[in-house]
Amino acid sequence: MSPRKAAALRDGDGGRTLREHLIAAAERLISQRGTAGLTVRDIAREAQVADGVLYNHFADKEELLALALHAHVQSVERELGELPSRAGTGTVEGNLRAYLIHGLALHAAILPAFAGLISRPEVLTLFAGMPNPVGNGLGLRTALAGYLRAEQDLGRLAPDAGAEAAATMIVGACHELVLPHLLWGREPAAFEIPPGYVDDLVTTLMKGLAPARPA
């Protein structure tokens, strides 16, 4: 290891390997400025190493970007906290609100990074081949559908309600609200959930999910 690389690791990087250090540096840049126009030189400067060092630890820039993007999504997910996963706790309405608010915040935070890679499909393909970083490895939609099916087993939701369809509607609502904000070029930090949006959607969904009341 060259002296310069050793110095980069000695500077309070928590015992990471150089490969992990480089991924963390790229992740920081993605979090701060997105992926559009991100260069090898940018990442090397952030990591305090020579440009060519990156190619000693990754097949190419695309692999590094995919790994850093995966780490970025995981970091955002951790910051948002745990999703409701245990059926029978709290209320179904409250848990659906938690899923929806979590999903909106998640999409608002990570979609700008994905948008910056539209012209780099090889990075997105590599990312897609990695374990899902959301919903305990299941993905948001699959995790939510599993939760809803478990509530059906407990009788708290109608047995014939479409758990998969409801989960798809919630994730679709996240896309519908966040994507136009992104396409209009607004800053992610400026994203706000419209008043009443979450409650209205949850109320509408519950009308189709709730078990029928005894006559």
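**Legends for the close-up views**

**View A. A87 is in contact with Y147, A150, E151 and L154, neighbours within four places in sequence being left aside.** Contact means heavy atoms within 4.5 Å. The model is predicted: local features need pLDDT of at least 70, side-chain atom pairs count only at pLDDT 80 or more, and totals for chains, interfaces and linings use all residues. Residues are numbered from 1 along each chain as its sequence is written, and side-chain values use heavy atoms, with hydrogens and water left out. A87 sits in the loop between α4 and α5. Helices (H or I, at least four residues) and strands (E, at least two) are DSSP runs, numbered from the N terminus. A87 and A150 are 63 residues apart along the chain, and their C-alpha atoms are separated by 5.7 Å.

**View B. The protein chain has 9 helices and 0 strands.** Along the sequence, the pattern is α-α-α-α-α-α-α-α-α. Of the 215 residues in the protein chain, 44% are buried. Buried means under 20% relative accessible area, exposed means over 50%, and partly exposed is in between (1.4 Å probe, protein chains only). Among contacts between residues at least 6 apart in sequence, 68% join residues at least 24 apart.

**View C. The nonpolar core shown here is the largest one and has 66 residues.** A nonpolar core is a set of buried Ala, Val, Leu, Ile, Met, Phe, Trp, Tyr and Cys residues joined through side-chain atoms within 4.5 Å. Which residues have the most contacts inside this core? They are L96 and L104. Two or more residues each come from α2, α3, α4 (61–80), α5 (92–115), α6 (121–128), α7 (140–153), α8 (163–183) and α9 (197–209). The largest share, 10 residues, is given by α5. With residues up to four places away in sequence not counted, L104 touches A173, C174, L177, V178, F191, I193, Y197 and V198.

**View D. Helices α5 and α9 pack at an angle of about 130°, with their axes 10 Å apart.** This angle makes α5 oblique to α9. Angles under 35 degrees count as roughly parallel, over 145 as roughly antiparallel, 65 to 115 as roughly perpendicular, and the rest as oblique. Axes are lines fitted to C-alpha atoms, for helices over the stretch in contact, and angles run from 0 to 180 degrees between N-to-C directions. The crossing of α5 and α9 is right-handed. On the α5 side the contact is made by V92, E93, L96, R97, L100, I101 and L104; on the α9 side it is made by Y197, V198, D199, L201, V202, M206 and L209. A crossing is left-handed if the near helix is turned anticlockwise from the far one by less than a right angle, and right-handed if clockwise.

**View E. The axes of α5 and α7 cross at roughly 180° and come within 12 Å.** That makes α5 roughly antiparallel to α7. From α5, the residues V92, N95, L96, Y99, G103 and H107 take part. They meet L140, A143, L144, Y147, L148 and E151 in α7.

**View F. UniProt, in an unreviewed entry, places the feature "DNA-binding region" at residues 39–58.** UniProt positions are given in the numbering used here, feature names are shortened, and annotations may be inferred rather than shown by experiment. Over residues 39–58 the chain is 40% helix and 0% strand, and the end C-alpha atoms are 14 Å apart. L54 lies in the loop between α3 and α4. Because its relative accessible area is 4%, L54 is buried. L54 touches L22, V40, I43, A44, V49 and L64, not counting residues up to four places away in sequence. The C-alpha atoms of L54 and L22 are separated by 7.4 Å, and the two residues are 32 residues apart along the chain.

**View G. T35 is in the loop between α2 (18–33) and α3 (40–47).** Is T35 buried or exposed? T35 is buried, because its relative accessible area is 5%. Leaving aside neighbours within four places in sequence, T35 is in contact with I30, P112, A113, G116 and L117.

**View H. Q48 has a positive phi of about 60° although it is not a glycine.** Q48 is in the loop between α3 and α4. Its relative accessibility is 43%, so Q48 counts as partly exposed. N136, also a residue other than glycine, has a positive phi near 55°. The loop between α6 and α7 holds N136, and N136 counts as exposed because its relative accessibility is 67%.
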